[in-house]
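This report looks at how parts of a model with several chains meet one another. Please have the sequence and the structure ready before reading on.

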Amino acid sequence: MANARNLRILVAKPGLDGHDRGARIVARAFRDAGFEVIYTGCHQTPEQIVSTAIQEDVDLIGLSILSGAHRYSFPRVLELLRENNAEDISVIGGGIFPLEDIPVLKEAGIKELFEPGAKLSDIIEWVGKNIIPRREA
Amino acid sequence: MGKQIISESALDRIEKEHAEWLEEYRKALAKVPKRLERFSTVSDLEVNQLYTPLDTQRRDFFEQIGFPGKYPYTRGVQSTMYRGRHWTMRMFAGMGNADDTNKRFHYLINHGETGLSTAFDFPTLMGYDSASPLARGECGKCGVAIDTLDDMGRLFANINLEEVTTSMTINPPASVLWAMYIANAERQGFSRKKLGGTIQNDCLKEFIAQKTLMLPPEASLRLVTDTVEFGTKEVPRWNTISISGYHIREAGATAVQELAFTIYDGITYVEEAIKRGLKVDDFAARLSFFWNSHIDFFEEIAKMRASRRMWARIMKERFGAKNPKSMLMRFHTQTAGCSLTAQEPYNNVVRTTTEALAAVLGGTQSLHTNSLDEVYMIPSEQAALIALRTQQIIAEETGVTNVIDPLGGSYFVEALTDKMEQEAMAYIRKLDELGGMVAAIERDYPQMEIADAAFHFQKQVEAGDKTVIGVNKYASDRPELEFVLKIDDQIEREQIERTERFKEKRDKVGFQKAMDELVRRCEGPPCWNNNVMPALIEAVRAGATEQECCDLYRNVFGTYTDPGSF
Amino acid sequence: MDIVQRIVSGDVRTIARLLRDIDDELPSARSVLQGLYPHTGKAHIVGFTGSPGVGKSSLVDQIATFYRKESKTVGILAVDPTSPFTGGAILGDRIRMQRHFLDPGVFIRSLATRGQFGGLSKSTNDMVNVLDAAGKDLVLVETVGVGQDEVEIANSAHTTVLVMIPGMGDDIQAIKAGVMEIGNIFVVNKADREGSRKTVRELMNLVELGVRRRNGDDWEPQIIETEAVKGRGIDKLCQTIEDHKAYLKATGSQRWRETVEKRTRIQLMGALRDRVLKAVLEKIEQRGDSIDNMVAKIVDRQSDPYTVVQQIVESVLT
C-alpha cells in the first residue's frame, strides 16, 4: 500500500510588510486541496525561508509580498537555493509586481507569479500540474 | 420601547399595505425571477427588499437619531458639519527619501490639500534604519525612509507646522517618530503647545490585522499610554491615537467586525489611561478614529453613523465621561485599498468616488482618497491629483455637503445603522467575556474571525456570488498604465550613507547619557516620572536614530511573534 | 558517502529527505533506518504535551535556546493535526522558533498527524531515531495535545513534560483521572496570569497523593512555573530535565534500562503490528479476496467476524 506522496509547500512572507491576508487565504486553500503547508508568518529573510524549505523538504515555496521589495528578495531566495544544492525546489510568487518586473523575475527562475484577482482554483490547478513530488532520496 | 413618531393607526395602515405590497412583489417575482438568490452587502449581511417605518418605528428619535452635535451624535459630531468647513483633505504621501516626499507635500498643498499625511517605508514602520540587513530592498519603496532627526527636518522643510496638521501613520515606533517631530518643530521655532496632528499609534490593531509587530502587547500598551499622558500634559492639540479599523477591514474583516474590534481597541486604550491615573475627560477628546470606506455604499454610511452613537454611549455609560467632547467620535476615512483592482485600473476612480461619497455622507472629519494606481504601488503625482480632485468635486460641485446627514431618517439607513450597532455590541460583549482585547488577541480570537471572513469572501468571489468587475465578471487583462512611479534602488545606498554621516557627527557622551536615561525610564514602573517621551525627545536631539531607540525598546521589553494559527 | 554516513555526519538535506520518505512510508526508508539504528541511543528525548494554546512551541523554542548556549545540538519535531476532511494540514509551530532558523545546531521539522487519532504521527518514533543518529544531543517532540497523546508521548520519550496554563480546571480533572503517572515534569506556563498559584497548589496536592503510592526512591514529579514568551522559568525547567535524566541514569539503577526497554518494546510491537497487518492484507488481495467482501458477507449474515478472522489466521499465518 504505497501512499501517494503528499505535496509539501512552504508559504512564506519575505520582507517587512505584514499584509498576510493573501498568504493566509492561499495557505488555507492549499490545506483544503490536501497539501501539507508550512506557514512561517511575516517578516522572513530569504536566508530563513531557504533554511526552512530545506529542513522541511518542501516541493514548492510560495512567496507572498506586497512591499515592493521582491526585486531583492525573490532572486535572493533562488540564489540561496542554488548555493544549497536545492534548486529542485520550485518557487512561485504572489503579490503586486510592476509589469516590467515580471519577465525579470521569471527569467531569474520564479516559476509563476500570481497577481491580485488570481483565483485560488487556478493556483491549485497550476500546482497540481506543475509540481510533482520528488521520488525517493 | 421608545416614543413613537408615527401614530398607532398610521402604523396599522402601513403594516396592512406593506403586506399587500409584499404579496404583489412576490407574484411579480414569480414571473421575473430574482437576479440573486440572496441579497447581501459586501460583508455578506443580508438586506431586505424594502424598508418602511415598520423597521424603525420602535426607536426613540432622540435616543437613536437626534441632532448633529448632540448626543448620541448619530448625525455628526458638529452642529455645523460641512456647512462650516469641509472635511480635511488629507492625502497619504511618502516615497523615497525625505526630500522627495517634501516635494510631494508641497505639490499637494499647492493643489488644495488641507492636511498632511505621512507614509513611512517598511523599515521605518518596523523600527529599523535603512542600514539594517532586514531592510534590504525596502528603502523608500512604500513610503519615506526616516532614520534621524535630520531626515525629519528635511521631510517638513518650509511647512508651517503650527498651521498645517500632520498625520503620521506609524505604530510600534510611534513614540520615537513623534519625539522627532516635536524636536524638529521646536528646532524650527514652533511651540509644542500649538502643534496639531495625529500619530496612528494603534498597537492593538497591529496584533489583530496589520502585523507591524515589534513589542509584546503589554509593553506596546505602556508606550501608547505614555504618549497619551504626554500629549494630555504637553501637546494638547495632538491626537495621540488614531484607533484604526482601516487595516482590520483590509485584512478581510466585515464592516461589523471592523466596527466592533476597533471600538474595543478604543475601550482598551481608555482603560489603560485611566489605570495610569488620568481622568477620562482630560484625555478622551484627543482620541480619534480611522475607518475604511469600502464599496458597499449604505453599509459604510450606516457603519460610520453607528460608530458615533456607540462611542458616545460607551464613553458616557461605561466610562462615566461628563465632557461632551470626550464622547465625540471624530474620524479620518480612507477609501478601501482592497476594493481596487489591478485589472482595468481606471475603474478604480469610480470605486474611490463611490467610497469617498459614502465617507462624506457618513460624516467623516478627514479623508484620503486612493489613487487609481495604488493597487500597484504608492501613487504617481498624476494619479494622486485625480484622487484629490475627486474629493474636491464631491465637496464643491455635487451639493451633497449642503445638508447635514442627508440620509438621516431613511428607513433603510436607520435600520442598517441599528443593525450595525446591535451586531457590533454582540462582539463587544463577547470580547468582555474573553477578558478583554489582549486576552482575545492571545487566543487568536479576532485574528481568526477576520481570517474566516476573508476566506469566505474569497470563496464568494470565486463562486461568482460577489462580483468584482474586470476580475470575475467582464474579466480583462491588466493594461500598461501611462504613469507609474518608480523608486530608484540607488536611494537605499544614499540613505544608508547619510545616516552614517549623521551618526559620526553626534556627541558620543551626550548621546549615551540620553540613551541611559531612556533605558532607566523604560525599566521603571509606568508613571509620569518614567514617561518615555521627554527622554526620547532628548535622545533624538542627541542624535539617536529610530532603530537605536527601537532596539532599546526591544532589549528592555522583548519582541513578539504572530501566533499565526488557522 | 552513502545515505547512512551522510546522516550520521549531520547533512541537513539528506536528513530532511529521509524524514519525508519515512513519513510517506517509502520502502527504501526502512533500509536506511536499519543502517542508522546502530548509531542511535545517544540523544535524550523529551516530549511535550498539553492542550493547544498552552504555549508548547514557545517553551520548546526557549529550551532550544538554553541548550544551544551550552553548545548542545537540538532536534525538534513539532506535530500539527491533519484535516480529516481534506488530508491537508497547516503546520505553523515553527513560527515561534524563528530565532533558530539559521542555526545549524538546531533542526526543526513540522509533521502532520496524517490520520492518526492521537497527537503524534505514525512516523514520529522513526524520525526521532533519525535525529538521534544524526548526533542531536537532545530531541524535543511537541505533540498536538489532543486525545490520548500524553500516553503516546510518554511511551516515546525519556522525559515527559505536561504543559498547562492557569485556570485550566478540566486539565487538572484529566490528571486526576490517571495521567499523573505519565508526567515527569508539570509546567504551568503563562504563570503571570491570574490563578497560577492556585493551579500550582492543586498540582502539588495531586503529586503528594501520588507520592504515597510510590516507592521511596521514585521520581517525584516536579512543578515549574514559566512564562515562555519572556523566557522566565526556563533555566529551572531545563535543570529539572537534566535532573530527571540523571535520575534515570543513576549508577547502580536499572531505571534507564527499563525506560529504554519499554520504549523499544512499544516501538517493536507497533512496527510488528503494522508489518504483519500489511502482509496479511497483501495475502488476502493476492487470493483475490478483499476486506470489503468480508465486510459485506458479515453484514449479510453469511458469515461472522469471528469465523472470518479465524479463517484468515489459519490460511495466511500457517
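## Basis of the report

The structure is a predicted model.

## Where chain C touches chain A

Between these two chains, 30 residues of chain A are in contact with 33 residues of chain C. On the chain C side, at least two residues each come from helix H2 (12-23), strand E3 (89-91) and strand E4 (106-112). Which of these elements gives the most to the side of chain C that touches chain A? The answer is H2(C), with nine residues.

The side of chain C that touches chain A can also be sorted by residue class. It has 15 nonpolar residues, along with nine polar and nine charged ones.

## The domains of chain B

For chain B, the domain assignment gives domain 1 (1-93 + 200-487) and domain 2 (490-557). Taken over C-alpha atoms, the centres of domain 1 and domain 2 of chain B are separated by 37 Å.

The two domains of chain B touch: ten residues of domain 2 are in contact with 13 residues of domain 1. On the domain 1 side of this contact, seven residues are nonpolar, two are polar and four are charged.

Terms used
Residues are numbered from 1 along each chain as its sequence is written. Chains are lettered from A and ligands numbered from 1 in the order in which they are written. This is a predicted model: local features need pLDDT of at least 70, side-chain atom pairs count only at pLDDT 80 or more; totals for chains, interfaces and linings use all residues. Two residues are in contact if their C-beta atoms, placed from the backbone, lie within 7 Å. Helices (H or I, at least four residues) and strands (E, at least two) are DSSP runs, numbered from the N terminus. Ala, Val, Leu, Ile, Met, Phe, Trp, Tyr, Cys and Pro count as nonpolar, Asp, Glu, Lys and Arg as charged, and the others, Gly among them, as polar. Domain bounds come from an automatic or database domain assignment.
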